[in-house]
Amino acid sequence: MKTNFALVPKLFRKDPSIAALLAKSFAMQKKAMLVDNRFYRGRTHELSLLYFRLTPLCNLHCVMCGQRGDKGVLKGSFAADESKKIVSLDVYKRLVDEIKHKRPTIYLWGGEPFLYPDLFPLIDYMKDAGMAVSVNTNGTQLAKNAEEIVRKKWHALFVSLDGFEETNDRIRGIGSYRRVVEGFEAINREKERQGSHFPHMGIVSTVNNLNYKDLYRLAEAAQSFKLSWHIFNLGTYTNEAIVAKQRAFMREKLDTEIGCLQGYDTGYNEGIDGQELYDILTRIHAMESDHPIITVPALNPEKINTYYGDLGIPVRTHCEVPWSQANIDYDGAVHFCADYPDYKLGNIKDESFFAIFNGERARRFRKVLKDSPDGVFPGCIRCYQNMLCGKKVKGF
């Protein structure tokens, strides 16, 4: 199975400048672990990737989502109240001016980022600063914005789609599949009309017990979408025992109460047949496809049952994220962990990013992580960031 680096060769052929920025990000991440992690006493000189969770609002309620799903922790009136705290465009511009010399890759997400009121001018400003910008979206807003997206040459769209029509709609909401397909079609029409190959588009499919038997049909359908990649995310899952361990650990080591991890205790990992899933993914990877097909994490076939059935066994260790990445939350708070933003490093509304990124709280977090068994916390076992950036456990 291919890794995320499989995206780079194709991009080099189409867009050498964008591919070079992504390759630089991979190199910065590795350098941060090999050098900064070892020698700089909790500090780092690298910034390869910066996430922006622009809004807590979303127009879908995907069942396994840790924010708005069955067990989600950011929905309803709480999310509506939180949306009043979103960061202004002027504050984001100030941040971009501060970080642009590092040229980090930018990843905008939510909620649904199209619900952030200044999304288009923000992306304009980031692109003008010379950074590669990608947007993670549920795809339901693409059709009506297609002309402007293509005209402004957005770099990349990561679009969530979790199965063929009826399966996807069972997970993400009635009509969501058709709206995504209409969005792809609108973007592709505009690309042809305007003579552009921007934006690159790809699908991210989160594997769960509702959709895994239907993934091949989705992969077949996706061959007509003119994609640049299709990523199969094996999913972020946890259970009560792991949540309890993480809660005790964070209280003891970092004086922090947790409120996010439990959103991923959904049970949608239960009952997945690892061998059947592996066979399906093998057939998908064997397709004659014009775009890379990637599985995160790429596992040995006999270990897939462990991934879903024994959530306490790590498949990736030694998280690299805090030495080269950070997440800016919708209210301006800075975290290392995108999905588990419990430990706040500071807030960009109040101080500069780099003062936060190498401040006392950041150094403390890195030290605790580095000193932890296997370089991860108890709750990190199935974290998506660690699946992307962690060290592969032997045998997995």
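Q: Where is Gly111 found?
A: Gly111 sits in the loop between strand S2 (105-109) and helix H5. Helices (H or I, at least four residues) and strands (E, at least two) are DSSP runs, numbered from the N terminus.

Q: What kind of model is this?
A: This is a predicted model: local features need pLDDT of at least 70, side-chain atom pairs count only at pLDDT 80 or more, and totals for chains, interfaces and linings use all residues. Residues are numbered from 1 along each chain as its sequence is written, and side-chain values use heavy atoms, with hydrogens and water left out.

Q: Back to Gly111. Which peptide bond joins Gly110 and Gly111, cis or trans?
A: Cis. Omega there is about 20 degrees.

Q: And the peptide bond from Val296 to Pro297, cis or trans?
A: Also a cis bond, with omega near -5 degrees. Pro297 lies in the loop between S7 and helix H12 (304-309).

Q: What about Thr295, buried or exposed?
A: Thr295 is part of strand S7 (residues 293-296). Its relative accessibility is 2%, so Thr295 counts as buried. Buried means under 20% relative accessible area, exposed over 50%, and partly exposed in between (1.4 Å probe, protein chains only).

Q: How many residues apart are Thr295 and Lys93 in sequence, and what is the C-alpha to C-alpha distance?
A: They are 202 residues apart in sequence. In space, the C-alpha atoms are 35 Å apart.

Q: Zooming out, how many helices and strands does the chain have?
A: The chain has 15 helices and 12 strands. Its radius of gyration is 20 Å, close to the 21 Å that the globule rule gives for 396 residues, so the chain is as compact as a globular protein of that length. That radius is taken over C-alpha atoms, and the rule is 2.2 Å times the number of residues to the power 0.38.

Q: What box do the C-alpha atoms fill?
A: Roughly 50 × 45 × 45 Å, along the principal axes.

Q: What share of the 396 residues counts as buried?
A: 60% of them.

Q: And what share of the contacts joins residues at least 24 apart?
A: 75%, among contacts between residues at least 6 apart in sequence. Contact means heavy atoms within 4.5 Å.

Q: Helix packing next. At what angle do the axes of H7 and H8 cross?
A: At roughly 110 degrees, for H7 (residues 165-172) and H8 (residues 176-194). The axes come within 7 Å. That makes H7 roughly perpendicular to H8. Angles under 35 degrees count as roughly parallel, over 145 as roughly antiparallel, 65 to 115 as roughly perpendicular and the rest as oblique. Axes are lines fitted to C-alpha atoms, for helices over the stretch in contact, and angles run from 0 to 180 degrees between N-to-C directions.

Q: Which residues meet there?
A: From H7, Glu165, Asn168, Asp169 and Arg172. From H8, Ser176, Tyr177 and Arg178. The contact divides into one nonpolar, two polar and four charged residues. Ala, Val, Leu, Ile, Met, Phe, Trp, Tyr, Cys and Pro count as nonpolar, Asp, Glu, Lys and Arg as charged, and the others, Gly among them, as polar.

Q: Which residues of H7 are buried?
A: Thr167, Asn168, Asp169, Ile171 and Arg172. Their cover includes S4 and H8. Just after H7, Gly173 has a positive phi of about 125 degrees.

Q: What about H6, which residues are buried?
A: In H6 (residues 142-151), they are Leu142, Asn145, Ala146, Ile149 and Val150. Down the axis of H6, these fall within an arc of 150 degrees, so they line one face of the helix. The arc is that of the directions from the helix axis to the C-beta atoms. They pack against helix H5 (119-128), strand S3 (133-137), strand S4 (156-160) and H8. Lys153 follows H6, with a positive phi near 55 degrees.

Q: How many residues of H9 are buried?
A: Six of the eight in H9 (residues 215-222). They are Leu215, Tyr216, Leu218, Ala219, Ala221 and Ala222. They pack against H8, strand S5 (200-206), strand S6 (229-233) and helix H11 (274-285).

Q: Last one. What is phi of His318 and of Asp374?
A: His318 has a positive phi of about 50 degrees although it is not a glycine. Its relative accessibility is 34%, so His318 counts as partly exposed. Asp374, also not a glycine, has a positive phi near 65 degrees. Asp374 lies in the loop between helix H14 (360-371) and helix H15 (384-389).
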